[in-house]
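Please look over the sequence and the model shown below, and then read on for a description of how the chain is put together.

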Amino acid sequence: MNETYRTILGLRAIREFQDRPLEQEDLDAVLEAARWTGSAKNLQNWAMIVVRDRDQIERVAACGNGTGPLVAAPVTLVLVQEPGAYELDTGRMAQNIMLAADSLGMATCPITLHQDGDAARVLGLPPGWRCRYAVALGYPDPTARPKNFGGRKPIEEITHQESFGG
């Protein structure tokens, strides 16, 4: 098993972070990995907002449920879709962010902003632009107790052949 495959299988959402700012070099590397995410027709119709201001992070966090990791992390990366963008592309970008951060010793947690209209107002988005997802980003807290990871369903339970149930 190669290192990339091990990283993919081992990636976990981390909800507890060290109380220290991100090194600019580390943040830049994660943003570069996000920039290189593939997209439908290579439209790259997305943007990212880097949020470090604690008050602004709190306002963004208020736009979703279960957003504690945003408040705990030193940086929130808000993923923004242009009008007509595919949500799948935003998800691909989030996964690139998470894998890049993990490979550089950082931790991440993806977050849904359930009140995306509120998020658009908080972030000052242009009309028609949407913000549904954010990623908490920081260095993992080494003193945090490991969480019990629940594993995965058996492959036979989630895989179908030729049609659902087939």
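The structure holds five salt bridges, a salt bridge being a side-chain nitrogen of Lys or Arg within 4 Å of a carboxyl oxygen of Asp or Glu. This is a predicted model, in which local features need pLDDT of at least 70 and side-chain atom pairs count only at pLDDT 80 or more, while totals for chains, interfaces and linings use all residues. Residues are numbered from 1 along each chain as its sequence is written, and side-chain values use heavy atoms, with hydrogens and water left out.

| Asp 89 | Arg 92 | 3.9 Å |

Helices (H or I, at least four residues) and strands (E, at least two) are DSSP runs, numbered from the N terminus. Asp 89 is buried, with a relative accessible area of 3%, whereas Arg 92 is partly exposed at 38%; buried means under 20% relative accessible area, exposed over 50%, and partly exposed in between (1.4 Å probe, protein chains only).

Asp 118 and Arg 121 are both found in helix α6, where they stand three residues apart, about one turn of the helix. Asp 118 is partly exposed at 33% relative accessibility, while Arg 121 is exposed, with a relative accessible area of 61%. Salt bridges that share partners also join Glu 87, Asp 116 and Arg 130 into one network.

Turning to the nonpolar parts, the largest nonpolar core has 21 residues, of which Leu 70, Val 78, Leu 113, Leu 123 and Cys 131 touch the most other members. A nonpolar core is a set of buried Ala, Val, Leu, Ile, Met, Phe, Trp, Tyr and Cys residues joined through side-chain atoms within 4.5 Å. Two or more residues of this core come from each of the elements α3 (54–61), β2 (75–81), β3 (107–112), α6 and β4. When its neighbours within four places in sequence are left aside, Leu 70 is in contact (heavy atoms within 4.5 Å) with residues including Ile 57, Val 60, Thr 76, Leu 113 and Val 135.

On the surface, Met 1, Tyr 5, Ile 8 and Leu 9 form a nonpolar patch with about 440 Å² of accessible area together. Patches are made of residues with over 30% relative accessible area and no salt bridge, like charges being joined within 9 Å and nonpolar side chains (Val, Leu, Ile, Met, Phe, Trp, Tyr) within 5 Å; accessible areas come from the Shrake-Rupley method with a 1.4 Å probe, and for residues only the protein chains shown count as cover.

The C-alpha atoms fill a box of roughly 50 × 45 × 30 Å, taken along the principal axes. Buried residues make up 35% of the 166 residues in the chain. The chain exposes about 10,000 Å², of which carbon and sulfur atoms supply 52%.

Glu 32, placed in helix α2 (residues 24–35), is 65 residues from Ile 97 in sequence and 8.9 Å from Ile 97 in space, C-alpha to C-alpha. Gly 165, in the segment after α7 (155–158), is 41 residues from Gly 124 in sequence and 45 Å from Gly 124 in space, C-alpha to C-alpha.
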